[in-house]
Each structure stands twice: as C-alpha cells, then as structure tokens.
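User: I am new to reading protein structures. Can you walk me through the features one at a time?

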Amino acid sequence: MSEFLSIFEYQFFRNALAAAVLTSVLAAMIGTYIVSRKIVFIGGGITHASFGGIGLAFYLGLNPFFGAAVFGVMTALGIEWISKKGKVREDSAIAILWSLGMALGIIFVFMTPGYTPNLMSFLFGSILSVRAPDLIILLVFCLLLIIVFAVFFRPILYTAFDPEFARTKGISVDAYRYLMSVLMAVAIVLSIRTVGIILVLSMFTVPQLTAMLFTRNFARIMPLAALWGISGSVIGLMAAYLLDIPTAAAIIFFLTIQFLIIKLIVIIRDQLRRERFRQ
Amino acid sequence: MNKALVILEGVSTGYFSETVLKDVNLEIFPDDFIGVIGPNGGGKTTMVKVILGLQPLFSGKLRFPGGRPKIGYLPQASQIDKSFPITVHELVSSGLKSKYSWFPHLSFGQRTRVKRMLEDAGLAGISSKPIGELSGGQLQKALLSRALIDKPQLLILDEPNTHVDKQFEQELYGWLRDLNKEMAILLVSHDIGTIFPMVKTIACVNRILHYHPSNQLSEEVLKIYNCPVDIIAHGPVPHRVLKTHDHE
Ligand SMILES: Nc1ncnc2c1ncn2[C@@H]1O[C@H](COP(=O)(O)OP(=O)(O)OP(=O)(O)O)[C@@H](O)[C@H]1O
Ligand SMILES: [Mg+2]
C-alpha cells in the first residue's frame, strides 16, 4: 500500500492526475452539449481534422497543438456554416474534412525533415508528460467554460434544443452556435493532449451517457458527467500504473466499465420492478 | 376596423430553387381565428415560418403595421426532439424573453409567472420531468404553455392535434376559444372537420395556384382548389384562400 501511495510523490503523476480531472471537467460540459444535440459525428470530424494541423505545425516548426487548434476551430466553424447553408449534406462534408485532415497530417509529418515526431503521443495522448504550463491552459479553459455556461446557460440550452423557437424569442442563435463550435473545437484539441485523437471522443460521450442513466436534465447531466469522468479517469490512471498498461486506453476502458455496470444495475432494477408489479 | 398585426404581401418563398409558396397575400387582425388547411407538403409550415420571420423570402414583403407583435409559436410535433434532456420547467421558461439580451437570466417576476403557468396548465406535478417522459397530450400542453407564457398578441399552432386523443383535442379547442378573446390565433390543421365550427376564417394552402374571391366554403370549392381535406361539417364559413403554385 505504501508503495502504491508513493506514486503520488512523483510530480509527473500528480500532473497527470490534475490533467485527468481538468480534462474530465471540460469534457463533461462540452460533451453534454454534444450528446444532447446528437452531434458526436461533428466531434469526430473536428478531432480528426485537427490532425492535419498537427502535421502542418510540425512541418513549419510550430507548436503542434497550436496547429491542431487552428484546424479544429476552422473545421468546427466550417461545419456549422455548411449546416446553416444546407446546400451540401452535412454528414458528407464532415466525412471529407475528417479524412482530409488525417491525410494532410500524415503527409506533413512524412515530409518533415530529420526529426520524426512521436505520432503515437498524438494518437493515444501523453498524459504522463503533462507539465505545469499545460495544466494552466487546461485550468483557464475550464474556468472560461464554467463562466460561459453559468452566464449563458439559458440561450445555450434553448438554441441547442429548438433553434427556430429560440430565434422567435430574439436570441442570436447563430452567434451562440458559432460560439459553441469554437469552444467545442478548443475543448477537443486540449483533450487530445490527455487521451489522444483516437480515444478523445469517449471522454465527451461516455460519462454523459452514464450521467443520463440518472437524470435527463441538461443542467444536472453536466456536473454528474464530470464526477463520472473524474472517477473513471482517476481509476484508469491508477490501473495503468499498477498494471503497466497504456494510460489513455486504461482511462477509456474504465469509463466504459463504469457505464456498463451502472447500465446493468438499471436493467436489473427495472426488471425487478416489473416483476413486483406483475404479482 | 382594427390595424392588422401581420401582413404578407405577394410573398414567394421556398427552399433553394424550389418554390413552395407563390404570391401569398394574407392579413392577420387582432381578433382573427384563422384555420389553415391544406395537403401534406402544401406549404402550411413554410407559411408559418414566413410569419415568424424564420423563412427568407424570394420576393414580396412581410409587414407589421403596428410594430412587430409578440408571437407565441407551437411547432409541429415532428420538429421537437423528444429525447433532448430538457425539463418541462425549462421548456416553459424558454418562452420568456429576458429583459437584457446580454444578461439572459429571468427576473423574479418571470420565475413566478412560470410557476403560475405550470399550475394553471396542470403541469406543476411534472415540472421537473424530462419532456421525453410525457404523454402526447402533456407535451402539447407544455408546448402550448411555452407559447403562451409571454402573453402573445398572435398565437400560431402548427397541427397541435397530432398524437393526442379526442378528449384532449376538445379540451384544447375550449382553451383556444377563450384565448381568442385576448389574441389572434392561427391554427394549422389537416382535420378541417374538427376546427370548422370554431375558426372564424379559413385559409387553404395547397399546391395549385388558385384564388377564390368568395367567402363561402363548400366541398365543391375545395375540390376546385384540389385541396384534399375531409370536410365533415357543411355550411357557409367565411374563409380566405391563398395563392400557391403547382409543384409539377
Ligand atoms: N427544410 C426544408 N428543406 C427543403 N425543403 C423543405 C424544407 N421544409 C419543407 N420543405 C419542402 O417544402 C414543401 C412544403 O413543406 P411544408 O412543411 O411547408 O408543408 P406542410 O403543408 O406544412 O406539410 P405537412 O402537412 O406535412 O406538415 C414540401 O414539398 C417540403 O418537401
Ligand atoms: Mg407542416
């Protein structure tokens, strides 16, 4: 046990823990918006398109996460714009941006002379190498999200639920849609640092689905999803250390296990209720 | 006569290059109760969206002689995402406008009004339920409360009688009759038979470009318009017919 606790003495582990918690919180807020609006596919498009930005930034010798953020935000705004125009099928546009981003990323990384970056760390995250500046960025963004949701909760909820009705009430629906697109892109790109491109979407969906087994109230899903996200990622982080397995994969695995266990409990409970009702 | 709340002047509109409504003229007065009938895809919902200012116009004008009136809107059931995690309380609250757009919170008075509205509509007991758990009638009641809570001058209902039983429908029509004393109502319905006795005028939006100058509605007239709706009640009812066009 004391050997297990000694892990907390390492700076890198404490950083990883903080990153897991902060990522869970920001993913909980943005993910609730994503799951409620059923736009997980858009999240996938943003995630994969941002890989193009990572590749380009490498090629130009810039910070890869800056490149990812630029590509992610542009993709998010582009998708919102396309869906507003409605002339191109939205899902086709997303599919194109999705694969184009991946292709560009691979081409640029391949063309980057000499140094070949550790692609694995972008695909699967590198939470164990998170440092103080990363944490500060995560923290600031989390606080920003909390403020945005606290102040603009009603218009965000109403434009997500019924944009046409919201417009009849004088809400600037387009402005809120674009704002949420940008926040969604930044949240996804920041989480790529923690769990990587391949696994990031589950941070934005699985804790929400778990929370929705308890409540169908948007305002309550957010904090509950944060709790489930934190518990799953902290357990995953510990398990990764104890069992010596990849961290991001362990986090996603435990987020999913949590969901399945609770889903099972709900199914059994409903079954029992039904039987009692029959007697 | 009273000043019109809303005037559509020669409005044509549609989606992309497809024209759905052509040269539509309509005036809505403060004490109107207009029944809008017409076949599926005839453009009824599109016309509602024109009035709400949601639909860009190809040509023509949307005018509000007395300034933009407050409009309460109950959308067609197919437009509501029932699985969205929103509670009855939030749904009804969303009908209110906050005083300052830059600080979108409800005042104490507005919160009280939501509470009273929920009580009046018999929704107080289920106000914290998500809309996905409501019956068809309860959902329509909640949507009607959302439309009414801001005390509109014009109430627009797009087929409020879908997914509800006859008893609720009759109850609804009773409320509408009372509400019509305070506001104009525009009611879209397939079922002219049931709305027939209570509406004051009828507008027929269909695919055929036709204009009927008289104010008598009969089965024969509807046939001329190619307006395939069932007329159960018979007799003269004043109505307006809107020009529409053929879709080929
Ligand atoms: N968002 C849209 N994009 C493209 N075409 C649309 C859109 N909405 C409606 N249409 C088309 O416009 C026409 C009129 O539709 P509208 O919904 O106004 O008819 P409606 O009279 O309300 O029909 P219903 O009785 O089925 O509600 C239809 O041909 C429909 O296919
Ligand atoms: Mg319609």
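Analyst: Start with a definition. A salt bridge is a side-chain nitrogen of Lys or Arg within 4 Å of a carboxyl oxygen of Asp or Glu. Side chains of opposite charge can pair when their charged atoms come close. Now the case here. This is a predicted model. A:Lys38 makes a salt bridge with B:Asp81, and their closest N and O atoms are 2.9 Å apart.

User: How many salt bridges does the rule find across the interface of chain B and chain A?

Analyst: Four. Over all chains, the count by this rule is 14.

User: Which residue forms a salt bridge with B:Arg146?

Analyst: A:Asp162 does, with the closest N and O atoms 3.0 Å apart. B:Arg146 sits in helix H4 of chain B, and A:Asp162 sits in the loop between H8 and H9 of chain A, so this pair joins two chains.

User: Are B:Arg146 and A:Asp162 buried or exposed?

Analyst: Both B:Arg146 and A:Asp162 are buried.

User: What about the rest of the contact between the chains?

Analyst: Look at residues first, then area. Chain B puts 31 residues in contact with 28 residues of chain A. The two chains bury about 2,600 Å² between them, and 61% of that is on carbon and sulfur atoms. B:Phe84, B:Pro85 and B:Pro104 supply 25% of the area that chain B buries against chain A, more than any other three residues.

User: Now salt bridges inside one chain. Which side chain meets that of A:Asp134 in a salt bridge?

Analyst: That of A:Arg193, at 2.9 Å from N to O. A:Asp134 belongs to helix H7 (residues 132–151) of chain A and A:Arg193 to helix H10 of chain A, so the pair ties together parts that are 59 residues apart in sequence.

User: Why does A:Arg193 count as buried?

Analyst: Use the cut-off: buried means under 20% relative accessible area. A:Arg193 counts as buried because its relative accessibility is 15%. A:Asp134 is at 22%, so A:Asp134 counts as partly exposed.

User: Where do B:Arg63 and B:Glu9 lie in chain B?

Analyst: B:Arg63 is in strand S4 (residues 59–63) and B:Glu9 is in strand S1, 54 residues apart. Their side chains meet in a salt bridge, 3.0 Å from N to O. B:Arg63 is partly exposed, with a relative accessible area of 33%. B:Glu9 is also partly exposed, with a value of 31%.

User: Next, empty space. How do I think about it?

Analyst: Rolling a probe the size of a water molecule over the atoms shows where empty space is left. Here, the largest pocket has a volume of about 1,100 Å³. Its lining has 31 residues, and A:Ser83, A:Lys84, A:Lys85, A:Glu164 and A:Arg167 lie nearest its centre. By class, that lining has 13 nonpolar, five polar and 13 charged residues.

User: Which helix gives the most to the lining of the largest pocket?

Analyst: H4(A), with five residues. Strand S1 (6–15) of chain B also supplies at least two residues.

User: Which residues lie nearest the centre of the second largest pocket?

Analyst: B:Met117, B:Asp120, B:Leu148, B:Ile149 and B:Leu179, out of 16 lining residues. This second largest pocket holds about 460 Å³ of space. Nine of its lining residues are nonpolar, one is polar and six are charged.

User: How many cavities of 30 Å³ or more does a search of the whole structure find?

Analyst: One. The volume of the largest cavity is about 40 Å³. Residues that line it include A:Tyr33, A:Ile79 and A:Met180. H10(A) gives the most to this lining, with four residues.

User: Last topic: burial. How many residues of helix H8 of chain A are buried?

Analyst: Nine of its nine residues, so helix H8 (residues 153–161) is mostly covered. Among them are A:Phe153, A:Arg154 and A:Tyr158.

User: And in chain B?

Analyst: Buried residues make up 55% of the 248 residues in chain B. Take B:Ser127, in the loop between helix H3 (108–120) and helix H4 (136–148) of chain B. B:Ser127 is buried because its relative accessible area is 17%. Not counting residues up to four places away in sequence, B:Ser127 touches B:Thr87, B:Val88, B:His89 and B:Leu118.

Key. Residues are numbered from 1 along each chain as its sequence is written. Chains are lettered from A and ligands numbered from 1 in the order in which they are written. This is a predicted model: local features need pLDDT of at least 70, side-chain atom pairs count only at pLDDT 80 or more; totals for chains, interfaces and linings use all residues. Side-chain values use heavy atoms; hydrogens and water are left out. On a 1 Å grid over the protein atoms alone, a cavity is a set of points where a 1.4 Å probe fits but cannot get out, and a pocket is an open set with protein on both sides within 12 Å along at least five of seven lines; lining residues have an atom within 4 Å of a point. Grid points are joined across faces, edges and corners, and a volume is the space filled by probe spheres set on the points. Buried means under 20% relative accessible area, exposed over 50%, partly exposed in between (1.4 Å probe, protein chains only). Contact means heavy atoms within 4.5 Å. Buried area is the accessible area (1.4 Å probe) that two parts lose on being put together, summed over both. Ala, Val, Leu, Ile, Met, Phe, Trp, Tyr, Cys and Pro count as nonpolar, Asp, Glu, Lys and Arg as charged, and the others, Gly among them, as polar.
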